[in-house]
Amino acid sequence: MAPRAFWTGHLRLSLVNIPVKLYPATTAERAIAFHQIHEPSGKRIRYQKVAPGIGPVENEEITKGYEYEKGKYILLDQKEIDELKLDSKQTIELARFVDEDAIDDRYFETPYYLLPDGEMADEGYTILQKALKDTKKIGVGQFILRGRGNIVAIKPFGKGLMLEVLRHANEVRAAEPIFKEIAEVKVDKEALDLAKELIKRKSGKFEPEQFKDEYSNAVWELINAKLEYRAPEIVTEVPGTAKVINIMDALKKSVQQGKGAAAKTGTKRGAASARSGNGKKAARPPKRKSA
């Protein structure tokens with residue numbers, strides 16, 4: 001079952017208005033939630049909202065406030081904010097189109113799937129998607145999401161459109177002041193060639209499913225083991241015993257290992273999937289709490 005759209009509005013290009021709906025492109029399923037516990041009693045720590053000199057207060061007594069001087073606030077009711085008449089509250093206005101590689105990677109923050117909302121939107125949506133794909137352009141615009149004005153980039157993704165929230169200019173730090181402390185190093189050509197060879201050997205497609213979250217799996221195994229009153233079955237990494245003398249030796253050994261691994265590909269794949277390199281049993285898939 002598809003998730004419910006959490007925002008609906010219009011995508012506007014000049015005089016063209018396309019009803020659209022927005023879905024998260026990511027999930028927080030991987031995160032493990034911990035609570036703070038009072039160890040002697042096993043009770044969960046709770047937090048209260050407290051006003052100095054008054055004590056605990058109820059949520060309905062709380063409003064927003066902007067501190068314009070120390071200890072002095074302008075009070076803003078949420079209803080006042082909601083009633084602000086801004087076109088961008090329900091409309092994504094495409095103001096400019098840029099090349100696919102024109103946006104610095106540091107600006108990309110959160111991806112969403114953007115879909116047409118209803119049959120009347122299908123034609124305009126499809127035309128815009130194909131036009132962006134054919135011209136290799138990204139649409140840039142603005143809209144308000146969750147009480148915040150956002151810059152967004154809209155680009156073709158598969159058969160649909162991806163909306164990516166962008167950071168504002170004042171949210172991105174300049175790299176030059178930080179990178180200036182990097183020392184100037186004269187690069188050895190042989191070492192550089194070895195590094196390039198190593199990169200070439202390890203080049204391929206990006207397959208995120210091949211990268212396992214070993215830390216989360218180990219924490220889940222620890223939780224399951226405590227629930228089942230047993231020792232956790234966790235593979236621990238064995239530190240290497242060889243001392244790396246310099247970068248040249250390390251690169252040469254890495255390239256040689258790569259050659260050996262390529263020659264043995266497929267011969268022990270079944271055994272490797274059942275056991276780790278140090279012979280210990282791998283952790284079982286985690287048992288997550290049922291909903």
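Visitor: What does Glu197 form a salt bridge with?
Guide: Glu197 forms a salt bridge with Arg201, and their closest N and O atoms are 3.0 Å apart. The term salt bridge is used for a side-chain nitrogen of Lys or Arg within 4 Å of a carboxyl oxygen of Asp or Glu. This is a predicted model, in which local features need pLDDT of at least 70 and side-chain atom pairs count only at pLDDT 80 or more, while totals for chains, interfaces and linings use all residues. Residues are numbered from 1 along each chain as its sequence is written, and side-chain values use heavy atoms, with hydrogens and water left out.

Visitor: Where are Glu197 and Arg201?
Guide: Both are in helix H4 (residues 189–201). Because they are four residues apart there, about one helical turn separates them. Helices (H or I, at least four residues) and strands (E, at least two) are DSSP runs, numbered from the N terminus.

Visitor: Is Glu197 buried, partly exposed or exposed?
Guide: Glu197 is partly exposed at 29% relative accessibility, and Arg201 is partly exposed at 37%. Buried means under 20% relative accessible area, exposed means over 50%, and partly exposed is in between (1.4 Å probe, protein chains only).

Visitor: How many salt bridges in the whole structure?
Guide: A search finds 11 salt bridges. One of them joins the side chains of Lys137 and Asp99, at 2.4 Å from N to O. That pair links distant parts of the chain, with Lys137 in strand S11 and Asp99 in strand S9 (residues 91–99), 38 residues apart. Lys137 is partly exposed at 27% relative accessibility, and Asp99 is partly exposed at 38%.

Visitor: What about Glu171, which side chain does it meet?
Guide: The side chain of Glu171 meets that of Arg148 in a salt bridge, 2.5 Å from N to O. Glu171 lies in the loop between S13 and helix H3 (176–179) and Arg148 lies in strand S12, so the pair ties together parts 23 residues apart in sequence. Glu171 has a relative accessible area of 37%, which is partly exposed. Arg148 is partly exposed too, with 31%.

Visitor: Which residues are linked in a network of salt bridges?
Guide: Glu221, Glu228 and Arg230 are linked that way.

Visitor: Switching to rings. How many aromatic pairs does the structure hold?
Guide: The structure holds three aromatic pairs. Rings of Phe, Tyr and Trp (its six-membered ring) pair if their centres lie within 6.5 Å; planes under 30 degrees apart count as stacked, over 60 as edge-to-face and the rest as tilted.

Visitor: Why is the pair of Trp7 and Phe143 put in its class?
Guide: The ring centres are 5.0 Å apart and the planes are at 85°, so the pair of Trp7 and Phe143 is edge-to-face. It links distant parts of the chain: Trp7 is in strand S1 (residues 7–13) and Phe143 is in strand S11 (residues 137–145), 136 residues apart. Trp7 is buried, with a relative accessible area of 8%, and Phe143 is buried at 1%.

Visitor: And Tyr113 with Phe157, what are the distance and angle?
Guide: Tyr113 and Phe157 are 6.2 Å apart centre to centre, with 35° between the planes, and the pair is tilted. Tyr113 is in strand S10 (residues 108–116) and Phe157 is in strand S12 (residues 148–157), 44 residues apart. Tyr113 is partly exposed, with a relative accessible area of 32%. Phe157 is partly exposed, with 46%.

Visitor: What stands opposite Tyr113?
Guide: Met162 in S13 stands opposite Tyr113. S10 and S13 pair in the antiparallel sense over six bridges; two strands pair if DSSP finds at least two bridges between them.

Visitor: How many bridges join S12 to S13?
Guide: Seven bridges join S12 to S13, and these strands run antiparallel.

Visitor: Is S13 mostly covered or open?
Guide: Strand S13 (residues 160–166) is mostly covered, with seven of its seven residues buried.

Visitor: And for the chain, what percentage counts as buried?
Guide: Of the 291 residues of the chain, 18% count as buried. The chain has seven helices and 13 strands.
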